[in-house]
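Here is a short report for a first look. Please keep the sequence and the 3D view open while reading.

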Amino acid sequence: MIKLKLIYQVIFSVLFFIFSLPAIKGQMPSALQKEPVALVNGTVVTVSGDVIKNGTVVFKDGKITAVGHDVAIPDDAKVKDVKGKYLYPAMIHSGTYLGLMEVFRVSETLDFNEYGDINPNVRAEVAFNADSRHISLARSHGIAVAVVTPTGGIISGMAAAMLTDGWNWEEMVYKAPLGMVVNWPSMDNKTERDNAIAKLSETFKKARRYNKAKQVSDKHFHSTDIRLEAIIPVLNGDIPVIINVSDYRQIQSAINWAEKEDIQIILSGVNQADLVIPHIKDKEIPVIINSVFSGPSHQWEPYDQTFSLPAKLYEAGIRFLISGEASAANIIRLPNHAAAAVAHGLPEKEALKSITLYPAKIFGIDHRLGSIEKGKDASIIITDGNLLHLTTQIQQVYIKGRKSDMMDKHKLFYKKYSERYNRIKEKSN
Amino acid sequence: MTKAFKISLIFLLISSNSIFGQTSNIFGLRDNPPEVFAFDNARIMVSSGNILFDGTILIRDGLIENVGQNIDIPDDAWVFDLEGKYIYPGFIELYSDIGMPSIDKRNNNNNKSDANSRNSNYSGNYPGASKRGAYHNNPHVRSWYEAAGQFKPEKDKAQKMRSQGFTVAHTIPPYGIFKGNTAVVSLGEGSGKDLVIKSNVAQAISFDISPELQGDYPTSLMGVIALIRQTFHDTDWFLDAHKVYYEDPVGMKQPEINFAFASLIEAYNRKQPVIISARDEIASLRAENIANEFDLKLWLKASGKEYRRLNAFVDIDYPIIVPVDFPEKPEVDNFEKTIELSLESLMHWELAPENPARIYKEGIDMIITSDGTWSSGEFLKQLRLTVKRGLPEYAAIDALTINPARLLQIDEKYGTLEKGKKANFFIADGNIFEPETKIEEVWIGGRKYSVEKPHELTAQGKWQLSVNDTSAYILELKGEVGNYQGKLIADSKEYELKNAKFDKQRITFMAKDVFDVDEEVIRFSGQVSEESIYGIGERSSGEFFNWKAEKIDNMDDDHKPEKNNENEDEDEAEEQKVFSCVLRPPMEYGLTEKPKQVDCLHIKNVTIWTQSEQGILKKGDILVSNGKIKEVGKNIDPPSGCRIIDASGKHLTPGLIDPHLHTSISGRVNETGNAIVSETRVKDVLNPNNIWIYRLLAGGLTTANLLHGSANPIGGQDAVVKMRWGSLPREMIFEEAKPGLKMALGENVKAMQNRYPDTRMGTEQIIRDAFSAAIDYKTKRDKKQQKGLPYRKDIQLEVLLEVLEGERVVHAHAYRHDEMQMLIRLAEEFGFTIRSFEHTVEGYKIADVLAEHGAAAIVWTDWSSFKMEAYDAIIYNARLLNEQGVLTSLHSDNTRLATRMHWEAGKIAGTGVKEIEAMNMITINPAKILGVDHLVGSIEEGKHADFVIWSQHPLNGFAYAEQTWIDGRKYFDRKKDRETLKEVLKLKNNLTNKVLENN
């Protein structure tokens, strides 16, 4: 009986998908930039520098070529007057299941949690479904790059920075691997904690032995171990380890482990970071705040405990970025998190950086992304107001100079059903 | 007439004076020792107000023949000289389950056929366990159960209770919601018929669900309360129906015989008390509500937390049975533990011992129970703490003797040591409230019971051991009864003892080489007393020898100093009282008093979002008086003496309203035991002790509709509340709101295993079936027949009738458009309107259908794709619905989200909805849905003064609430919040330190 029910549910889900397929049409990847574009008379919020009023941004072949008041506009440029509008660099979401999930409670649509505890070798980008409905949303909401992160186990896999525009994942890889994701064990159960940390350390020891043996493999034969192979870039300092933590003890334990292993880390989900600020600061660990909305976890904590966490870390001089929730469907809330931080004390400029320039810097892609600067990607948002204001609407997005199709999953249904109501109206007239 | 149908027999057994029952056969010789004793020269507490110094009690055949000073002692009496001793009347335990059989779980699990069937009844050897007899179909209704008939003497328990002064106990069946009839039993020894003093004393009711009974329904507290209410209604029907039938049965079907209802008649007619147990002070109020509704004679088994809301109990007319099982010391030995502690738990640790005293001082009829303390032997310790914390000694004695005796109506024989009463008392070596006092003997019905000595004989210690009068050895012994460890020390040489054992009397061990002979094993054996051991031993040669040991040290250093410290620290603690006032609610950010309603308040120069025809008033003024908005406009002239707030640069909006929330609900949000549960009510289970109420205020939320969950096609009744932080549940209710009923469609309903329905098809049918039944019910109810059985009041169907008659509105959880269309058509068929759809995820697909029907849409801003039926969620849902003329409101469905509804409205404005209309969706629109738009939801003259002052434009995302007002009372002030936070942390730290000092 129960099994039958499950089977029906699965069949239903599959059918639902098949019938839903036509709905995906209309969220087109955009064509490469063909001609230079000049956006003129806009308020240019460069993020890295000053706000330029009545400014111009010129970009060519996907790169920004000029920013300022009096910049030469190439003759062949397509000039667009953005008077009254604001230009912002496109945003970076720093931890999402985008492309790896469609419907959270339908397990067949989930690809972010691989079997087993030690999965350094799995790569997020190869499972990235370029036709996921949620990607169009990210793009139309001004997110140019999403850090797609596997989860689960002890070592979850390799995160990848993915562009939100393109036909397939190969076109959309922005940087991969970006970092290796580790879940720090809970500190409450000491046996579990010690076992997990031992397993992690043991894996790293093996990886070091493997690395050493491989370097002299012309003399001695060693079989391939794809797990250990995957860890080598971490050992070489090429990519960081992104460690998921939630309480202050995990933060401290993870920092100690990283120091011992002599690797670079980024701490993610630092709910109680305010309790151990000097430790984080001394070790110069960058942190990902993805819990602005999670709310207090103890009865004695103030109501704005997590709203004000970014402000506290900022005032303490800790390198941080703000990320949204992991669910792909919630990716559009990214600027809302930053806005909440502003309401509770984070300077507006910092909030803006925390979703643009800071993630670019922390993930090592700031030479390409994160601000409106000459030489960087022409990934730009045009809005009718302050990007962080909830009431603001994003009117156009450019990703690497490509003018994005602003159609998304939500607008598609909006259009479809607006049409229905238009027809009803016509009929009654 | 009632008596004709009384199946339960009320009887009073006059307990026999002799130990043996008079009707039993005698086998062998008779025992007839004389039973006449005189207790002389004692300090006798005849009753709390009558203490005899150098008094005498004379008892004969179990009764007190005489008591007084200088009374004649007859020649046949055996006299005890109790110089220096105290005699107290025996304590009476009012809340125990002594002698009640437990359900054999193994037996239950073995019964596979039952386990497989839904509605599986409980089985096994437990009395009344099968479905055989005329019992209630719900296994939790066991009102027919009679403690007296099932009482099985439990020697160990009785002994333990006696050792703490108890001589009589009221025993309560442990299982069920209706647990059954209680009994009073003696704590002496003997067979059941010797010990049972009185049967069918009270009906016991509990809010807890006994898993042992394996019922399907209820699964939630609100289901429990509904079941209790329906059962009393059924009892009423049972009485009526049998009466009608008995008078003239011709042409009528015989009403069912049901022991469950028959057994409740006495309680229903207020002839038998109903004892209801509560887990916290709010549950105590729930018990009171039930008693009031059915006019029951309540005895409240309190939780120990009543002091936290004492104002709710001041005028009560029922007795309270208070426990003294005060909370254990919170774990404070390191930072990682203290960080997890709440101020609430620390405050309770600090104040709980004052609960009895505080209740007593209100003049409430109070009984003290040892429930939760006697089994660990902690009762007297806690009782002494109670007295130390303010309860007068005489009050404590009353609460343990005459008060329970009166309640149990056994005070003619029990409760004091007056002439003619039962010889139930205990003898102590001092004042029972002094820490070191020990109870030495307990007398019950003239029979003596020795009290187990708290300090058992131990062999532990350092002993000077001598063999043949030569003191050459030190013997060290350590261990529990059973295995011991130790060593013999001679000439600074140590010999490990092997096989050391102590059996409470004798110590045995072996040692090697002690007597300078190599490889010699010597066996020791000895009789242990407090100060010495006389022993015998055997050498390897087979030669016996004698030894003797005298104690030189107890070696329990860890124990004794601790005890001393404890006493000192307790004295110290009294001086350093950290905290004594009660906060409401009793936790972080609780209030010492209700916020004052301002007589006159003038807020000026503020941007007012009136959400009325006045639109947004820049530099506007409002005048608030006596909880209402008196004037809204510009440049208002306030009356003189009016309090003024200049809110330049700030914004003012109506208090935010969330029409769909599940916060502050005790004991589960869903009653999953049945698909149709309209009999359940959220208002029964409101929990005002919830920090999130404060946090909601901090987010500007002033009103919310608290709903039953979505597991049922027809769920429970809702409760619209105002966030009156610190109030009692009844004070939170928004009285004028339209009563509502939760319904639900789609995945959550289908997801319940082994229950109809499994599909959306079945969902439609079961709803149809329920409303059809409601119509049939009405027909039966309203039929003015000449003759016939009365109708049975059905609290489930009555609620559906209210819906059909428009007195109650439906709030229907739905995601997909098809199911909304289905429910709309079904409702139209039955002639009612769906007031609102909840979540309404695909509402935008059929906005015209919703508008035409008149259903409102309660929607999220951007929740999507968390489950299949949420896949088509779009952020433009509210916009499309609003554009098509559907009354549209936002909601949270989530307590954390509900703390930031202004940001949710901001996001809606970001989808192209006008800002004022977005603000409507969290103010006036939900007010309309809840039927309170004439009172709240906008800033208009005459409405409730529920409003929020925001730091800036409330929708842009950068704003936070600075002040939140309800009924003209300021419930949240951001500035005060910052100060309170400091106080909270300070207080928490002080209390933590106090716990530490108590270690």
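## Contacts around one residue

Two residues are in contact if their C-beta atoms, placed from the backbone, lie within 7 Å. The model is predicted. Which residues does A:Val287 contact, leaving aside its neighbours within four places in sequence? They are A:Leu267, A:Val270, A:Ala273, A:Ile280, A:Leu313, A:Ile318 and A:Phe320.

## Nonpolar cores

A:Val287 also stands out in the largest nonpolar core, which has 394 residues. A:Val287, A:Met162, A:Leu267 and B:Leu652 touch the most other members. Helix 6 of chain B (residues 221-247) gives this core its largest share, 11 residues.

## Where the chains meet

Chain B brings 47 residues to the contact, and chain A brings 38 residues. On the side of chain B that touches chain A, several helices give two or more residues each. They are helix 11 (343-351), helix 17 (691-698), helix 23 (847-853), helix 25 (901-909) and helix 28 (974-997) of chain B. By residue type, this side of chain B has 22 nonpolar, 11 polar and 14 charged residues.

## An open sheet in chain B

Chain B holds an open sheet of 6 strands with mixed pairing. Their order is 33-35-36-37-38-39. Strand 33 (714-717) and strand 39 (888-890) of chain B are at the edges; each has a single partner strand, so one side of each lacks a neighbour in the sheet. From one strand to the next, the twist averages 25°.

Strand 37 (residues 834-839) and strand 38 (residues 856-859) of chain B run parallel, joined by 4 bridges. B:Glu838 sits opposite B:Ile858 of strand 38 of chain B.

Definitions and conventions:
Residues numbered from 1 in each chain as written. Chains lettered and ligands numbered in written order. Predicted model: local features only at pLDDT ≥ 70, side-chain atom pairs only at ≥ 80, totals over all residues. Core = buried A, V, L, I, M, F, W, Y, C linked by C-beta atoms within 7 Å. Buried ≥ 20, exposed ≤ 12 C-beta atoms within 10 Å, placed from the backbone. Nonpolar A, V, L, I, M, F, W, Y, C, P; charged D, E, K, R; others polar. Pairing = 2+ DSSP bridges. Axes fitted to C-alpha atoms, helices over the stretch in contact; angles between N-to-C directions.
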